[in-house]
Amino acid sequence: MKSILITGGAGYAGFTITQMVAEKYPQAKIIVYDRNQRGCIELASLLKKKASNIDFVLPEKADIRDIVHFEKVLKEYRPDAIIHLAAKVTDFAKNKVGKDEECISTNYVATSNIARLAKENGVKTFIYQSTIGIYTPGDNLKEDAPTNPVSAYMKSKYMGEEAVLELNDDSFNVVVLRSATLVGYNLHFKYENIFNIICVRSVFKVTFTLFESALENDKTYLDVKDNARAILFMLDNVERMKGQTYNLTSFNATLNRILELIKSELREEFTFEILPEQKKNKQVYTINSDKINGLGFKPEGKIEDIVQETISKLKKTREFYTSLL
């Protein structure tokens, strides 16, 4: 492979994927197309130091909705494969003005456009990262389980899935990943999901709130490193995976189990409140990823190891900031 383009390649998932892809394909040019909305330019430079075969498109121009610019980048680099991670995420419950529309324009319209442009410009492989949030709540859900995306983000990701899969043919290989909740530490650690939130707040002594019904309910998680390993697996096995969707998971865990592991690793007191549920929990509980595992992919992430590493890294971060006071 001569070149690989990664949209959203400097984000939480993208940071680890970009690093692993660059290491796996040292002779290939890795193009990162990322708006750097979360202030990850410094992280981009760290990635560059780790792998000299990475190029970054200027962040002020790297908007996937700008199809004219995107096509210019395609013509300049001629990527063999695109890993499409870039997405707009909105709050599950809130319908903020303009945000739902931005989800549709980014996750569906732009995704459709860049996939079409990729095909027209000779890209051979298109890997699209979607979400397990499209499913109706249940247990051990497989890829053919009923869908019921309830937020603008989930709906637009599902629409994006359908749009890119329609383009799959003998010359254009499309694979869709439905990823579970990403967890684990990297240099672009994101603390917007429940696992990462409670790790951060327990270390920094910030009280957090949990709903009673979630404590004993299993939920499916995906190690951020397993996510990157699966991308590499798909690049290597695209001919037998093309035209299909795959659930991607590492393990199931309850919040009680996660809290136990944090207490054991942190060895310090932290506080949280438990509240009764105000309405029926809409959370997807457990996901089955036998389909990709049956092809030979084996997740390596373990809840115990991920908690240990995350708490350890966050404690070092806390010590650094404390030393500045």
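I began with the surface: the accessible surface of the chain comes to about 15,300 Å², and 50% of that belongs to carbon and sulfur atoms. Accessible areas come from the Shrake-Rupley method with a 1.4 Å probe, and for residues only the protein chains shown count as cover.

I noted that this is a predicted model, in which local features need pLDDT of at least 70, side-chain atom pairs count only at pLDDT 80 or more, and totals for chains, interfaces and linings use all residues. Residues are numbered from 1 along each chain as its sequence is written, and side-chain values use heavy atoms, with hydrogens and water left out.

Next I looked up burial. Of the 325 residues of the chain, 54% count as buried; buried means under 20% relative accessible area, exposed over 50%, and partly exposed in between (1.4 Å probe, protein chains only).

I then turned to contacts (heavy atoms within 4.5 Å). Among those between residues at least 6 apart in sequence, 82% join residues at least 24 apart.

For secondary structure I found 11 helices and 12 strands. These are DSSP runs numbered from the N terminus: helices are H or I with at least four residues, strands E with at least two.

Last I checked phi. Most residues other than glycine have a negative phi. K205 has a positive phi, near 60 degrees. I placed K205 in the loop between α6 (194–203) and β8 (208–211). K205 counts as partly exposed because its relative accessibility is 42%.

R267 also has a positive phi, near 55 degrees. I found R267 in the loop between α9 (255–266) and β12 (272–275). Its relative accessibility is 73%, so R267 counts as exposed.
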